[in-house]
Amino acid sequence: MDKLLIRGGRQLRGEVRISGAKNAALPELCACLLTAQPVTLANVPRLQDVSTMLKLIRNMGVSAEWGEDGSVRVNAGGLSSPEAPYELVKTMRASVLALGPLLARFGEATVSLPGGCAIGSRPVDQHIKGLQAMGAEIVVEHGYMLAKLAMVNGTRRSRLQGAHITTDMVTVTGTENFLMAAALAQGETILENAAQEPEIIDLAEMLIQMGAKIEGHGSSCIHIQGVEQLQGCSHQVVADRIEAGTFLCAVAATGGDVVLQHGRADHLGAVIEKLRDAGAIISTVTEGIRVQSPGPAHQYLKAQSFRTTEYPGFPTDMQAQFMVLNAIAQGTSRVTETIFENRFMHVNELVRLGAHIQIDGKVAVIEGVEQLSAATVMATDLRASASLVIAGLVAEGDTVVERIYHLDRGYDQMETKLQGLGADIERLK
Ligand code: EPZ
């Protein structure tokens, strides 16, 4: 299992290219299932979850090839087996995003329940409820969701039907499943309590390029008028706001001056506000976002309390990374995780690096210390592993981060990008 060896104490300087968003590329690869025509996705990040999703759709009889320019060409004309098997789904819960498109295009789907993951139980009950409202019959058997169009008066429906869906909570992939299913459904679908993330907007814009009729994406109420067929398209995956936010926190923590090429400051409002309150200098530049921090966080930055909430609030996917900043900034802060029930697993590892953090239910209380000290630590989930890398960049001595396959799931060449900014970091096989 690969590890990262990080020698702390270096400031970060230079330019880094932000890759396409993992959480946009994954639903958009599933959106390709909605048409028999070829689709080209540009700016697809090269990471493990994308490889898993390509394996999943190829397994269905879909062709998907990388171009040399970082694009992926998908042709679902040959889609023959609408299945998402457990051995793939258990490694990536985003596989549930195949459910909506397969039902809409093929009229049936057999998708393994994702099971829980490190950060929480992560049920898909809302996905099931919404698709049932659209005329799907879904039974759960032997760990699989067996979905098909419902029978009406003895005959099986030929299409999903538009519905008015209000989810019990905001769900990102739930909203995405409904968007894709509704695009080909008969009639109008209204999604209330819809997720508003930039990745939702990017998916909707891709679907519109394919001929879908969608309004209100980016707000909490989305209207979709179903169409008979969707065409192929060429779509550029939006830049990854969480990768950009991770680099912003890394520079704020170590000190330095970095330009994030293609970074979208308009997608990181809540995070940038907290970084500015802490004392980092963040500016929008032609290439993207520039972040400057005078030096090691403890001398210059003030810890910031925050609560994670749905977009446009502070993203849960940035909680672990910002916590490292608080761990070495001046003062005491409170971090409240409201989205997932078990997303503090990085805390014990940060404590091993010398952080002073106490957990009380959904709240972590962090007392800033002058200096972290290197240790061997273990990654437990994707964003926790990113926080341990940032901690290693500032800890005194040589930190080893184990199990970085978690990092490889969601970051495109993280250590190479950090090396390019002057970090002393290498991958140990
Ligand atoms: C997406 O997960 C992201 N993944 C996650 O990013 C992100 O943390 C999360 O949204 C929240 O922003 C992708 O987009 C591939 P949810 P998702 O459905 O859609 C509960 C990362 O690090 N819920 O918005 O699975 C759920 O348990 C990953 O890149 C139900 O109870 O999250 C959670 O408490 C981690 N029933 C809350 O809603 C459901 O049917 C929000 O979950 C669906 C969700």
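Helices are DSSP runs of H or I of at least four residues, strands are runs of E of at least two, and both are numbered from the N terminus. This is a predicted model, in which local features need pLDDT of at least 70, side-chain atom pairs count only at pLDDT 80 or more, and totals for chains, interfaces and linings use all residues. Residues are numbered from 1 along each chain as its sequence is written, and side-chain values use heavy atoms, with hydrogens and water left out.

Start with the ligand. Helices H1 (22–31), H5 (125–133), H6 (172–183) and H13 each supply at least two residues of the shell around the ligand. H5 gives the largest share, three residues. The shell holds 23 residues (a heavy atom within 4 Å of the ligand), and Gln126, Thr171, Thr173, Asp317 and Ile339 come nearest.

Now look at the polar side-chain atoms. One of aspartate 125 lies 2.8 Å from a ligand nitrogen atom. Threonine 173 places one 2.6 Å from a ligand oxygen atom. For arginine 343, the distance to a ligand oxygen atom is 3.3 Å. The protein covers 89% of the 830 Å² of accessible area (Shrake-Rupley method, 1.4 Å probe) that the ligand has on its own.

Turn to the second largest pocket. A pocket here is an open set of points on a 1 Å grid over the protein atoms alone, where a 1.4 Å probe fits, with protein on both sides within 12 Å along at least five of seven lines; lining residues have an atom within 4 Å of a point. Its space is about 260 Å³, a volume filled by probe spheres set on the points. Of its 18 lining residues, Pro296, Ala297, Glu370, Gln371 and Val394 are the closest to its centre.

Definitions and conventions:
A polar contact is a pair of N or O atoms within 3.5 Å; within protein, one must be able to donate a hydrogen and the other to accept it, and residues adjacent in sequence count only if both atoms are side-chain atoms.
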